[in-house]
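These are my notebook entries on a structure that I consulted for the first time. I set down what I looked up, entry by entry.

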Amino acid sequence: MSDGDQQSLSDSIKGRLQTGAQNSVFKNKGLLDPDTVINEDRIVGRDQQLDDIITYLRPTLNGNRPPNMLLYGPSGTGKSLITNAVCEQVEELAQAQGDHFGVVNVNCQTIKSHDRAVYRLVESAAAKAGVTPGVPESGVSTDQKLSRFYEILSDYFDSVIIILDEIDLLVGRQRDPNDEPAYSKLLYQLSRASQLGRIDGHISVAALTNDPRFMENLDGRAESSFNPQDVVFSDYDANQLRAILQRRRDAYQDGVLEDDIIPLSAAYAAQDHGDARKAIDLFRKAGEVADRQGVDTVREEHVRDAQEEAERDRTLTQMQGLSTQKKLSLYATAIVPVYTNRNMNAVPSTVAYRVYQYLTGLIDADEKSRDSYLRYMSEAETYNFVTSEKRGRGYGSGVHKEYTFIDDPEVVAETLREDFRLEDVENNDDLIKSVVNAQVKEFFDD
Ligand SMILES: Nc1ncnc2c1ncn2[C@@H]1O[C@H](COP(=O)(O)OP(=O)(O)OP(=O)(O)O)[C@@H](O)[C@H]1O
């Protein structure tokens, strides 16, 4: 490519990028970003929870220790938002009166062990204090890390709130189901720390969870020393979700939203337990669909498309978490309607199980019994991948089940094939096709 050609290609790319940006239906898309921390004036409702948390944290500003808190409710009901909003204000007021108040925030979702959790606390506290962690991530005991954590808190803060988000997911490596979960041990240590004089200032813990029975899983010692004040967050209804979206309406350009967009996004999210995160995601995705189509208004059909896309993504994510045997059972069932020459929606379990048996041989996996296959498929039914119906095939022929896929079986098969072991299957496509057709023929022509 000559220099001139190169230049005109860059200009054309630049031009297309700029045109795209100018034509977007969004004005401030960041407002609909899941991680954006919004201003208080965009928070809708939650007055009771705000009041409670304000009451519990107020003592901090008078030099007293606030209580521990347990905030629970389904996902997307504002637990993190409200907690962080109050903590931010406490931080500002404390700073104004010359106190050192700190918020140490850790999301436990991906933390695999108690030791890792303690290290994350060290990292977070060090970042807040503007110092280095001062202990290595590995090679020293958990107790040394914990001591460093307490040292940072004592040296740099008068009072600290430790926010442990999704605490119920910090289970740790339990060798035995009766072992104490990592969160129980951590809560015990943190809530005992100031009582035992291991920290000079005040600390209190705010644990956030979706699990209303969280306290039941705590060890007795942890339960009595943690002893939190509860703050309950309930589902939002469609009206509340509507109000939440209304206050972020300026994420869009003026006049691009058709009237039904906000009510429809809110209604879809309300059907699905009233999760504000879902409502906001849907509201944003509808605009993304409109942008992709290059149109300048967001219409009802864009919300419906976005909702379908979201459902599909969720299904696929769930599917990727299945064990190999379950994937194989589902895959064997999905390829029957895809590969058969007949027009077929409902897949007889007899056919699918034979295809399953053939596939286990092909990829050298264990062949499970027919009952196991049926069990795996019942599970697939509870995940909403398929629906099933019992069918008799005439006198003396017994009863079998028939499975119908909720999503397109071709998409299901493709997703599952991405799994490493099912890649082998791809290389034998023609063979599998002929096995499927032979089994279908045998079943229906018998
Ligand atoms: N009352 C509200 N007003 C405005 N926005 C809200 C409100 N409640 C939640 N949101 C928004 O919904 C999204 C999810 O809220 P948040 O993260 O606080 O939920 P959560 O209850 O902590 O969820 P999870 O249990 O999944 O962590 C965020 O983008 C937040 O800004």
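For the residue classes, I count Ala, Val, Leu, Ile, Met, Phe, Trp, Tyr, Cys and Pro as nonpolar, Asp, Glu, Lys and Arg as charged, and the others, Gly among them, as polar. I note that this is a predicted model, in which local features need pLDDT of at least 70 and side-chain atom pairs count only at pLDDT 80 or more, while totals for chains, interfaces and linings use all residues. Residues are numbered from 1 along each chain as its sequence is written.

**Entry 1: the ligand shell**

I began with the shell around the ligand, which by class has 10 nonpolar, 7 polar and 6 charged residues. A residue is near a molecule if its C-beta atom, placed from the backbone, lies within 6 Å of it. Of the 23 residues around the ligand, I found that Ser75, Gly78, Ser80, Leu81 and Ala276 come nearest. Helix H3 (79-96) and helix H10 (276-293) each supply at least two residues of this shell. I take helices (H or I, at least four residues) and strands (E, at least two) as DSSP runs, numbered from the N terminus. Domain 1 (25-33 + 237-318) and domain 2 (47-232) each give at least three residues to the shell.

**Entry 2: the whole chain**

I looked up the overall make-up and found 17 helices and 8 strands in the protein chain. Its C-alpha atoms fill a box of roughly 85 × 60 × 55 Å along the principal axes. Of the 446 residues, 37% count as buried. A residue is buried if 20 or more other C-beta atoms lie within 10 Å of its own, exposed if 12 or fewer, and partly exposed in between, with C-beta atoms placed from the backbone. Two residues are in contact if their C-beta atoms, likewise placed from the backbone, lie within 7 Å. Among contacts between residues at least 6 apart in sequence, 72% join residues at least 24 apart.

**Entry 3: domains**

The chain is divided into domain 1 (25-33 + 237-318), domain 2 (47-232) and domain 3 (321-445), with bounds that come from an automatic or database domain assignment. I noted 36 Å between the centres of domain 1 and domain 3, taken over C-alpha atoms. Their contact takes 4 residues from domain 1 and 5 residues from domain 3. The side of domain 1 that touches domain 3 has 1 nonpolar, 2 polar and 1 charged residues.

**Entry 4: strand E1**

Two strands pair if DSSP finds at least two bridges between them. E1 runs parallel to strand E4 (residues 202-209), joined by 4 bridges, and Tyr72 stands opposite Thr209 in E4. E1 also pairs in the parallel sense with strand E5 (residues 229-232) over 4 bridges. Gln229 in E5 is the bridge partner of Met69.

**Entry 5: the open sheet**

I turned to an open sheet of 3 strands, with the order E6-E8-E7 and antiparallel pairing. Strand E6 (347-348) and strand E7 (386-392) stand at the edges with a single partner strand each, so one side of each is left without a neighbour in the sheet. E7 and strand E8 (residues 399-405) run antiparallel and are joined by 7 bridges. Lys390 stands opposite Lys401 in E8.

**Entry 6: helix H4**

I checked the length of helix H4 (residues 114-129): its 16 residues should span 22 Å at 1.5 Å a residue, and its end C-alpha atoms are 23 Å apart, which agrees. The expected span is 1.5 Å times one less than the number of residues. The buried residues of H4 include His114, Asp115, Tyr119 and Arg120. Their cover includes strand E2 (101-107), helix H5 (142-156) and helix H6 (182-193). Just after H4, Gly130 takes a positive phi of about 75 degrees.

**Entry 7: loop residues**

I recorded a phi near 50 degrees for Glu166, a positive value in a residue other than glycine. Glu166 lies in the loop between strand E3 (159-165) and H6, and is buried because 21 other C-beta atoms lie within 10 Å. Asp364, in the loop between helix H13 (349-363) and helix H14 (370-382), has a positive phi near 60 degrees. Asp364 is exposed, with 8 other C-beta atoms within 10 Å.
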